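User: Hi! Could you walk me through this structure in plain words?
Analyst: Happy to, let's look together.

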Amino acid sequence: MTYSHNFMLQEEILEEMHDRLRNIEALTQGSLEAVEIQTFMNAEKLEDIEHKIMLIFQYISEMHRSSTPTPRN
């Protein structure tokens, strides 16, 4: 095997490794974007749940106030 042939093989291997790294980067980026979207959706769901809990507490508070007799002077 000549030096130039060995060098060409090394170049091919490096190019293939570079292509694989680009594919891994693209997959990783896609995964990160999917995680960001899922995180955003989960945050929206949590905000919705928090809002519903707040409404429940307000309802309970109103029910408690309306069932408690007001003192007369």
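**Charges, helix and surface**

User: Let's start with charge: how many positive and negative side chains are there, and how far apart are the centres of the two sets?
Analyst: The chain carries 6 positive and 13 negative side chains, with 20 Å between the centres of the two sets. Lys and Arg count as positive and Asp and Glu as negative, while His and the chain ends are not counted. Each charge is placed at NZ of Lys, CZ of Arg, CG of Asp or CD of Glu.

User: Before we go on, where does the model come from?
Analyst: This is a predicted model, where local features need pLDDT of at least 70, side-chain atom pairs count only at pLDDT 80 or more, and totals for chains, interfaces and linings use all residues. Residues are numbered from 1 along each chain as its sequence is written, and side-chain values use heavy atoms, with hydrogens and water left out.

User: Thanks! How many helices and strands are in the chain?
Analyst: The chain has one helix and zero strands. Both are DSSP runs numbered from the N terminus: helices are H or I with at least four residues, strands are E with at least two. Helix H1 covers residues 3-67.

User: What box do the C-alpha atoms fill?
Analyst: Along the principal axes, they fill roughly 110 × 15 × 10 Å. The radius of gyration is 32 Å, whereas a compact globule of 73 residues would have one near 11 Å. That radius is taken over C-alpha atoms, and the globule rule is 2.2 Å times the number of residues to the power 0.38.

User: What share of the residues is buried?
Analyst: Buried residues make up 0% of the 73. Buried means under 20% relative accessible area, exposed over 50%, and partly exposed in between (1.4 Å probe, protein chains only).

User: Back to charges. How many salt bridges does a search of the whole structure find?
Analyst: It finds four. A salt bridge here is a side-chain nitrogen of Lys or Arg within 4 Å of a carboxyl oxygen of Asp or Glu. Side chains of opposite charge can pair when their charged atoms come close.

User: Which residue does Arg-20 meet?
Analyst: Arg-20 meets Glu-16, at 2.6 Å from N to O. They are four residues apart in helix H1, so about one helical turn separates them. Arg-20 is exposed at 52%, while Glu-16 is partly exposed at 42%.

User: And what about Arg-22 and Lys-52?
Analyst: Arg-22 forms a salt bridge with Asp-19, with 2.2 Å between the closest N and O atoms. These two are three residues apart in helix H1, again about one helical turn. Lys-52 forms a salt bridge with Asp-48 at 3.2 Å, and that pair is four residues apart in helix H1.

User: Switching topic: which residues make the nonpolar surface patch?
Analyst: Leu-46, Ile-49, Ile-53, Ile-56, Phe-57, Tyr-59, Ile-60 and Met-63 make it, over about 830 Å². Patches use residues with over 30% relative accessible area and no salt bridge: like charges are joined within 9 Å, nonpolar side chains (Val, Leu, Ile, Met, Phe, Trp, Tyr) within 5 Å.

User: Is Tyr-59 buried or exposed?
Analyst: Tyr-59 counts as exposed, because its relative accessibility is 54%.

Technical notes:
Accessible areas come from the Shrake-Rupley method with a 1.4 Å probe; for residues, only the protein chains shown count as cover.
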